[in-house]
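Me: Could we go through this model together? I would like to start with the overall layout and then move to details.

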Amino acid sequence: MSNEIEAIKDPGLPVHVHRRADTDPKAAKKAERQVAILFLLSAAGTVLLIASYLFIPQDVFIFFPILGSTNAHQLFLGLGMAASLFFIGMGAIHWAKTLMPDEEVIIQRHEFRSPDEDREEFVKAAKDGAEAAGLGRRSLIRRTLGLSLGLAGLSPLILLGDLGPLPDEEQKMTSWKKGTRLVTDPGDRPIRPEDLEVGAVAQTLPAIAAGEHRKLSDIAKDAVLLIRLRPEEFNLDAERLSWTHEGIIAFSKICSHMGCAVALYEQQTKHLLCPCHQSTFDVTRAAKVIFGPSARPLPQLAITVDSEGYLVAQNPFNEPVGPSFWGRSA
Ligand code: FES
(Lines give C-alpha, C1' and ligand atoms only; values in the text may rest on other atoms or scores of the structure.)
Protein backbone atom coordinates (compact mmCIF):
# COMPACT_ATOMS: atom_id res chain seq x y z
CA MET A 1 0.00 0.00 0.00
CA SER A 2 2.75 2.46 0.87
CA ASN A 3 4.32 1.80 -2.56
CA GLU A 4 0.99 2.68 -4.19
CA ILE A 5 0.80 5.97 -2.28
CA GLU A 6 4.36 6.79 -3.25
CA ALA A 7 3.50 6.13 -6.92
CA ILE A 8 0.55 8.50 -6.69
CA LYS A 9 2.66 11.19 -5.06
CA ASP A 10 5.16 11.00 -7.86
CA PRO A 11 3.61 9.51 -10.99
CA GLY A 12 6.48 10.75 -13.19
CA LEU A 13 4.60 13.57 -14.94
CA PRO A 14 6.57 16.54 -16.31
CA VAL A 15 6.66 19.62 -14.07
CA HIS A 16 3.40 21.48 -14.28
CA VAL A 17 3.67 24.91 -15.95
CA HIS A 18 1.06 27.40 -14.87
CA ARG A 19 -0.74 29.47 -17.49
CA ARG A 20 -0.43 33.26 -17.42
CA ALA A 21 -4.07 33.58 -16.46
CA ASP A 22 -3.43 31.39 -13.40
CA THR A 23 -0.85 33.76 -11.96
CA ASP A 24 -1.66 37.15 -13.48
CA PRO A 25 -5.11 38.62 -12.66
CA LYS A 26 -4.82 41.01 -15.63
CA ALA A 27 -4.26 38.13 -18.05
CA ALA A 28 -7.20 36.29 -16.50
CA LYS A 29 -9.43 39.33 -16.96
CA LYS A 30 -8.30 39.66 -20.57
CA ALA A 31 -9.04 35.99 -21.25
CA GLU A 32 -12.44 36.40 -19.65
CA ARG A 33 -13.23 39.29 -21.98
CA GLN A 34 -12.09 37.28 -25.00
CA VAL A 35 -14.35 34.40 -24.03
CA ALA A 36 -17.24 36.80 -23.53
CA ILE A 37 -16.66 38.33 -26.98
CA LEU A 38 -16.72 34.87 -28.57
CA PHE A 39 -19.99 34.05 -26.83
CA LEU A 40 -21.44 37.39 -27.92
CA LEU A 41 -20.46 36.66 -31.52
CA SER A 42 -22.21 33.32 -31.19
CA ALA A 43 -25.31 35.06 -29.87
CA ALA A 44 -25.17 37.47 -32.82
CA GLY A 45 -25.01 34.47 -35.17
CA THR A 46 -28.14 33.03 -33.58
CA VAL A 47 -29.93 36.38 -33.89
CA LEU A 48 -28.94 36.47 -37.57
CA LEU A 49 -30.29 32.95 -38.02
CA ILE A 50 -33.63 33.77 -36.38
CA ALA A 51 -33.94 37.09 -38.22
CA SER A 52 -33.16 35.39 -41.56
CA TYR A 53 -35.76 32.74 -40.87
CA LEU A 54 -38.44 35.26 -39.93
CA PHE A 55 -37.75 38.23 -42.17
CA ILE A 56 -35.99 37.16 -45.39
CA PRO A 57 -38.51 35.74 -47.85
CA GLN A 58 -37.64 32.42 -49.48
CA ASP A 59 -37.58 33.89 -52.98
CA VAL A 60 -35.02 36.68 -52.50
CA PHE A 61 -31.81 36.10 -54.43
CA ILE A 62 -28.44 37.88 -54.31
CA PHE A 63 -25.94 37.79 -57.14
CA PHE A 64 -22.28 36.99 -56.43
CA PRO A 65 -19.64 37.08 -59.21
CA ILE A 66 -18.45 33.49 -58.73
CA LEU A 67 -21.37 31.81 -56.97
CA GLY A 68 -23.98 33.33 -59.26
CA SER A 69 -27.52 33.86 -58.06
CA THR A 70 -27.81 32.71 -54.44
CA ASN A 71 -30.86 32.30 -52.26
CA ALA A 72 -30.53 34.97 -49.55
CA HIS A 73 -32.81 33.19 -47.07
CA GLN A 74 -30.67 30.07 -47.08
CA LEU A 75 -27.38 31.94 -47.28
CA PHE A 76 -28.05 33.97 -44.13
CA LEU A 77 -29.59 31.02 -42.31
CA GLY A 78 -26.40 29.10 -43.02
CA LEU A 79 -24.10 31.97 -42.07
CA GLY A 80 -26.05 32.56 -38.85
CA MET A 81 -25.95 28.92 -37.84
CA ALA A 82 -22.27 28.60 -38.73
CA ALA A 83 -21.38 31.68 -36.65
CA SER A 84 -23.56 30.55 -33.77
CA LEU A 85 -21.96 27.11 -33.53
CA PHE A 86 -18.42 28.16 -34.43
CA PHE A 87 -18.12 30.96 -31.89
CA ILE A 88 -19.79 29.07 -29.07
CA GLY A 89 -17.31 26.25 -29.69
CA MET A 90 -14.39 28.66 -29.86
CA GLY A 91 -15.55 30.39 -26.67
CA ALA A 92 -15.83 27.09 -24.81
CA ILE A 93 -12.39 25.96 -25.97
CA HIS A 94 -10.79 29.28 -25.10
CA TRP A 95 -12.48 29.26 -21.69
CA ALA A 96 -11.32 25.73 -20.98
CA LYS A 97 -7.77 26.42 -22.12
CA THR A 98 -7.25 29.70 -20.32
CA LEU A 99 -9.51 29.90 -17.30
CA MET A 100 -10.90 26.56 -16.22
CA PRO A 101 -9.02 24.77 -13.44
CA ASP A 102 -5.71 23.49 -14.69
CA GLU A 103 -4.63 21.04 -12.04
CA GLU A 104 -3.35 17.56 -12.55
CA VAL A 105 -5.38 15.22 -10.44
CA ILE A 106 -4.47 11.62 -9.93
CA ILE A 107 -7.02 9.14 -8.76
CA GLN A 108 -6.83 5.43 -8.44
CA ARG A 109 -9.05 3.29 -10.60
CA HIS A 110 -11.56 1.18 -8.84
CA GLU A 111 -13.35 -1.88 -10.01
CA PHE A 112 -16.31 -0.92 -12.21
CA ARG A 113 -18.48 -3.72 -10.89
CA SER A 114 -20.67 -2.75 -7.91
CA PRO A 115 -20.09 -4.70 -4.70
CA ASP A 116 -22.22 -7.83 -4.28
CA GLU A 117 -24.18 -6.29 -1.43
CA ASP A 118 -25.21 -3.33 -3.62
CA ARG A 119 -26.28 -5.62 -6.44
CA GLU A 120 -28.35 -7.78 -4.14
CA GLU A 121 -29.87 -4.69 -2.60
CA PHE A 122 -30.86 -3.40 -6.05
CA VAL A 123 -32.52 -6.66 -7.11
CA LYS A 124 -34.40 -6.81 -3.82
CA ALA A 125 -35.57 -3.19 -4.18
CA ALA A 126 -36.81 -3.84 -7.74
CA LYS A 127 -38.71 -6.96 -6.68
CA ASP A 128 -40.20 -5.20 -3.66
CA GLY A 129 -41.23 -2.28 -5.85
CA ALA A 130 -42.98 -4.54 -8.39
CA GLU A 131 -44.68 -6.41 -5.57
CA ALA A 132 -45.81 -3.21 -3.87
CA ALA A 133 -47.16 -1.84 -7.16
CA GLY A 134 -49.21 -5.01 -7.51
CA LEU A 135 -48.28 -5.52 -11.18
CA GLY A 136 -48.40 -9.29 -10.74
CA ARG A 137 -51.78 -9.30 -9.02
CA ARG A 138 -53.57 -6.50 -10.82
CA SER A 139 -53.92 -7.85 -14.34
CA LEU A 140 -56.34 -5.10 -15.37
CA ILE A 141 -53.77 -2.43 -14.68
CA ARG A 142 -51.03 -4.49 -16.29
CA ARG A 143 -53.00 -4.91 -19.50
CA THR A 144 -54.24 -1.35 -19.78
CA LEU A 145 -50.74 -0.08 -19.06
CA GLY A 146 -49.42 -2.30 -21.88
CA LEU A 147 -52.11 -0.92 -24.21
CA SER A 148 -51.40 2.71 -23.36
CA LEU A 149 -47.63 2.28 -23.71
CA GLY A 150 -48.06 0.46 -27.03
CA LEU A 151 -50.31 3.17 -28.41
CA ALA A 152 -47.99 5.90 -27.13
CA GLY A 153 -45.23 4.23 -29.16
CA LEU A 154 -47.39 4.52 -32.28
CA SER A 155 -47.93 8.26 -31.99
CA PRO A 156 -44.55 9.22 -33.55
CA LEU A 157 -45.54 7.19 -36.59
CA ILE A 158 -48.70 9.24 -36.97
CA LEU A 159 -46.66 12.43 -36.77
CA LEU A 160 -44.63 11.26 -39.76
CA GLY A 161 -47.62 12.38 -41.79
CA ASP A 162 -46.49 15.94 -41.12
CA LEU A 163 -43.31 15.45 -43.09
CA GLY A 164 -44.94 17.11 -46.05
CA PRO A 165 -47.00 16.18 -49.09
CA LEU A 166 -45.86 13.16 -51.04
CA PRO A 167 -44.02 14.16 -54.20
CA ASP A 168 -46.25 11.92 -56.36
CA GLU A 169 -45.32 12.21 -60.04
CA GLU A 170 -43.14 15.25 -59.46
CA GLN A 171 -40.21 13.11 -58.44
CA LYS A 172 -40.23 11.30 -61.75
CA MET A 173 -40.06 14.48 -63.81
CA THR A 174 -37.16 16.83 -64.37
CA SER A 175 -37.13 20.31 -65.92
CA TRP A 176 -35.41 19.08 -69.08
CA LYS A 177 -37.57 19.50 -72.18
CA LYS A 178 -36.99 19.38 -75.91
CA GLY A 179 -34.82 22.38 -76.81
CA THR A 180 -33.83 23.33 -73.23
CA ARG A 181 -30.36 24.85 -73.28
CA LEU A 182 -27.65 23.41 -71.07
CA VAL A 183 -26.09 26.13 -68.91
CA THR A 184 -23.07 26.11 -66.64
CA ASP A 185 -23.55 25.52 -62.93
CA PRO A 186 -22.60 27.88 -61.40
CA GLY A 187 -22.80 30.78 -63.83
CA ASP A 188 -25.89 29.99 -65.93
CA ARG A 189 -23.94 30.50 -69.17
CA PRO A 190 -25.09 28.61 -72.27
CA ILE A 191 -22.48 26.15 -73.52
CA ARG A 192 -21.11 25.59 -76.99
CA PRO A 193 -19.45 22.28 -77.90
CA GLU A 194 -16.12 24.06 -78.36
CA ASP A 195 -16.23 25.20 -74.72
CA LEU A 196 -15.39 21.64 -73.70
CA GLU A 197 -12.02 20.14 -74.51
CA VAL A 198 -11.64 16.41 -74.98
CA GLY A 199 -11.42 14.90 -71.49
CA ALA A 200 -13.29 17.79 -69.85
CA VAL A 201 -16.26 17.42 -67.52
CA ALA A 202 -18.82 20.09 -66.70
CA GLN A 203 -21.83 20.23 -64.47
CA THR A 204 -24.87 21.77 -66.10
CA LEU A 205 -28.47 22.65 -65.37
CA PRO A 206 -31.40 23.47 -67.64
CA ALA A 207 -31.57 27.16 -68.60
CA ILE A 208 -34.32 29.18 -66.98
CA ALA A 209 -35.99 32.37 -68.13
CA ALA A 210 -34.59 35.70 -66.92
CA GLY A 211 -35.98 36.60 -63.50
CA GLU A 212 -36.91 33.02 -62.64
CA HIS A 213 -35.24 31.07 -59.87
CA ARG A 214 -34.71 27.39 -59.46
CA LYS A 215 -36.15 25.45 -56.58
CA LEU A 216 -33.64 23.38 -54.66
CA SER A 217 -35.76 20.32 -55.30
CA ASP A 218 -35.42 20.93 -59.05
CA ILE A 219 -31.65 21.40 -58.86
CA ALA A 220 -31.45 18.09 -57.01
CA LYS A 221 -33.10 16.30 -59.92
CA ASP A 222 -31.89 18.32 -62.91
CA ALA A 223 -28.09 18.24 -62.47
CA VAL A 224 -26.39 16.82 -65.54
CA LEU A 225 -22.75 15.96 -66.18
CA LEU A 226 -21.31 16.69 -69.59
CA ILE A 227 -18.24 14.74 -70.61
CA ARG A 228 -16.31 15.09 -73.82
CA LEU A 229 -14.53 12.11 -75.36
CA ARG A 230 -13.23 11.44 -78.84
CA PRO A 231 -16.27 10.17 -80.82
CA GLU A 232 -14.41 6.96 -81.71
CA GLU A 233 -14.05 6.13 -78.00
CA PHE A 234 -17.77 5.45 -77.57
CA ASN A 235 -19.07 1.92 -77.59
CA LEU A 236 -22.76 2.74 -78.15
CA ASP A 237 -25.58 1.55 -80.36
CA ALA A 238 -26.72 3.88 -83.12
CA GLU A 239 -29.57 5.38 -81.10
CA ARG A 240 -27.44 6.20 -78.06
CA LEU A 241 -24.72 7.56 -80.32
CA SER A 242 -27.27 9.92 -81.87
CA TRP A 243 -27.89 11.27 -78.34
CA THR A 244 -24.29 12.54 -78.20
CA HIS A 245 -22.88 15.54 -79.99
CA GLU A 246 -19.32 15.73 -81.34
CA GLY A 247 -18.10 13.39 -78.59
CA ILE A 248 -20.06 15.13 -75.84
CA ILE A 249 -22.30 12.90 -73.78
CA ALA A 250 -24.67 13.92 -70.97
CA PHE A 251 -25.75 11.88 -67.97
CA SER A 252 -27.88 12.57 -64.93
CA LYS A 253 -25.57 13.37 -62.03
CA ILE A 254 -27.91 11.71 -59.52
CA CYS A 255 -26.67 8.25 -58.64
CA SER A 256 -29.11 5.50 -59.55
CA HIS A 257 -28.27 3.71 -56.30
CA MET A 258 -29.20 6.08 -53.45
CA GLY A 259 -29.16 9.50 -55.08
CA CYS A 260 -25.72 10.88 -54.22
CA ALA A 261 -23.98 13.21 -56.66
CA VAL A 262 -21.82 11.18 -59.02
CA ALA A 263 -18.94 13.58 -59.04
CA LEU A 264 -15.68 11.74 -59.67
CA TYR A 265 -14.50 11.23 -63.24
CA GLU A 266 -11.42 9.16 -64.02
CA GLN A 267 -10.12 10.57 -67.25
CA GLN A 268 -7.83 7.63 -68.04
CA THR A 269 -10.42 4.89 -67.60
CA LYS A 270 -13.41 7.06 -68.53
CA HIS A 271 -15.26 5.89 -65.48
CA LEU A 272 -17.66 7.91 -63.38
CA LEU A 273 -17.51 7.08 -59.71
CA CYS A 274 -20.09 7.70 -57.02
CA PRO A 275 -18.29 8.60 -53.78
CA CYS A 276 -21.04 7.24 -51.52
CA HIS A 277 -20.82 3.50 -52.18
CA GLN A 278 -18.38 3.37 -55.09
CA SER A 279 -20.80 2.53 -57.88
CA THR A 280 -18.77 2.91 -61.06
CA PHE A 281 -20.25 3.75 -64.46
CA ASP A 282 -18.55 3.33 -67.83
CA VAL A 283 -18.98 6.54 -69.81
CA THR A 284 -18.07 4.90 -73.11
CA ARG A 285 -20.93 2.39 -72.71
CA ALA A 286 -23.80 4.71 -71.79
CA ALA A 287 -22.88 4.75 -68.09
CA LYS A 288 -23.26 0.99 -67.72
CA VAL A 289 -22.65 -0.12 -64.12
CA ILE A 290 -19.34 -1.95 -63.92
CA PHE A 291 -18.90 -2.00 -60.15
CA GLY A 292 -20.83 -1.31 -56.99
CA PRO A 293 -24.37 -1.59 -55.72
CA SER A 294 -26.18 0.49 -58.34
CA ALA A 295 -28.65 -1.59 -60.34
CA ARG A 296 -28.97 0.53 -63.47
CA PRO A 297 -26.99 2.98 -65.60
CA LEU A 298 -27.18 6.71 -65.13
CA PRO A 299 -29.98 8.04 -67.35
CA GLN A 300 -28.57 9.65 -70.51
CA LEU A 301 -29.85 13.01 -71.74
CA ALA A 302 -30.01 13.21 -75.52
CA ILE A 303 -28.29 16.43 -76.64
CA THR A 304 -27.68 18.38 -79.83
CA VAL A 305 -27.11 22.08 -80.73
CA ASP A 306 -29.67 24.75 -81.55
CA SER A 307 -29.56 27.21 -84.43
CA GLU A 308 -27.13 29.44 -82.49
CA GLY A 309 -24.74 26.59 -81.82
CA TYR A 310 -25.52 26.10 -78.11
CA LEU A 311 -26.02 22.68 -76.58
CA VAL A 312 -29.67 21.80 -75.98
CA ALA A 313 -31.63 18.74 -74.91
CA GLN A 314 -33.15 16.75 -77.74
CA ASN A 315 -35.84 15.45 -75.40
CA PRO A 316 -36.57 15.03 -71.69
CA PHE A 317 -34.76 12.16 -69.97
CA ASN A 318 -36.01 8.86 -71.33
CA GLU A 319 -36.45 7.49 -67.79
CA PRO A 320 -36.68 8.90 -64.26
CA VAL A 321 -33.42 10.04 -62.75
CA GLY A 322 -32.26 9.05 -59.30
CA PRO A 323 -32.57 5.88 -57.25
CA SER A 324 -34.87 3.17 -58.48
CA PHE A 325 -36.97 3.48 -55.34
CA TRP A 326 -38.02 6.98 -56.42
CA GLY A 327 -40.22 5.13 -58.93
CA ARG A 328 -39.63 4.26 -62.53
CA SER A 329 -41.66 5.37 -65.52
CA ALA A 330 -41.01 7.18 -68.79
S1 FES B 1 -25.47 6.45 -53.87
FE2 FES B 1 -24.08 6.10 -55.43
S3 FES B 1 -23.25 4.22 -55.01
FE4 FES B 1 -24.68 4.50 -53.45
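Me: What should I know about the model and its numbering?
Reply: This is a predicted model, in which local features need pLDDT of at least 70, side-chain atom pairs count only at pLDDT 80 or more, and totals for chains, interfaces and linings use all residues. Residues are numbered from 1 along each chain as its sequence is written, and side-chain values use heavy atoms, with hydrogens and water left out.

Me: Which domains is the chain divided into?
Reply: Domain 1 covers 2-98, domain 2 covers 117-162 and domain 3 covers 173-326; such bounds come from an automatic or database domain assignment.

Me: How far apart are the C-alpha centres of domain 2 and domain 3?
Reply: Those centres are separated by 56 Å.

Me: On to the largest pocket: which domains each give at least three residues to its lining?
Reply: Domain 1 and domain 3 each do so.

Me: Which residues are closest to its centre?
Reply: The pocket has 20 lining residues, and Phe61, Ser69, Thr70, Arg214 and Ile219 are the closest to its centre. A pocket here is an open set of points on a 1 Å grid over the protein atoms alone, where a 1.4 Å probe fits, with protein on both sides within 12 Å along at least five of seven lines; lining residues have an atom within 4 Å of a point.

Me: And which element supplies the largest share of the lining?
Reply: Strand S2 does, with 4 residues. Strand S1 (61-64), strand S2 (68-71) and helix H7 (216-222) each contribute at least two. Helices (H or I, at least four residues) and strands (E, at least two) are DSSP runs, numbered from the N terminus.

Me: Thr70 sits in which strand, and is it buried or exposed?
Reply: Thr70 belongs to strand S2. Thr70 counts as buried because its relative accessibility is 16%, and buried means under 20% relative accessible area (1.4 Å probe, protein chains only).

Me: What does Thr70 touch?
Reply: Beyond its neighbours within four places in sequence, Thr70 is in contact (heavy atoms within 4.5 Å) with Val60, Phe61, Ile62, Phe64 and Leu75.

Me: Changing topic, where is Ser256?
Reply: Ser256 occupies the loop between strand S6 (248-252) and strand S7 (264-266).

Me: Why does Ser256 count as buried?
Reply: Ser256 counts as buried because its relative accessibility is 2%.

Me: Which residues does Ser256 touch?
Reply: Setting aside residues up to four places away in sequence, the contacts of Ser256 include Phe281, Pro297 and Gly322. Its side chain also reaches the backbone oxygen of Arg296 at 2.6 Å.

How values were computed
Buried < 20%, exposed > 50% of the residue type's maximum accessible area, 1.4 Å probe, protein only. Polar contact = N/O pair within 3.5 Å; in protein donor to acceptor, adjacent residues only side chain to side chain.
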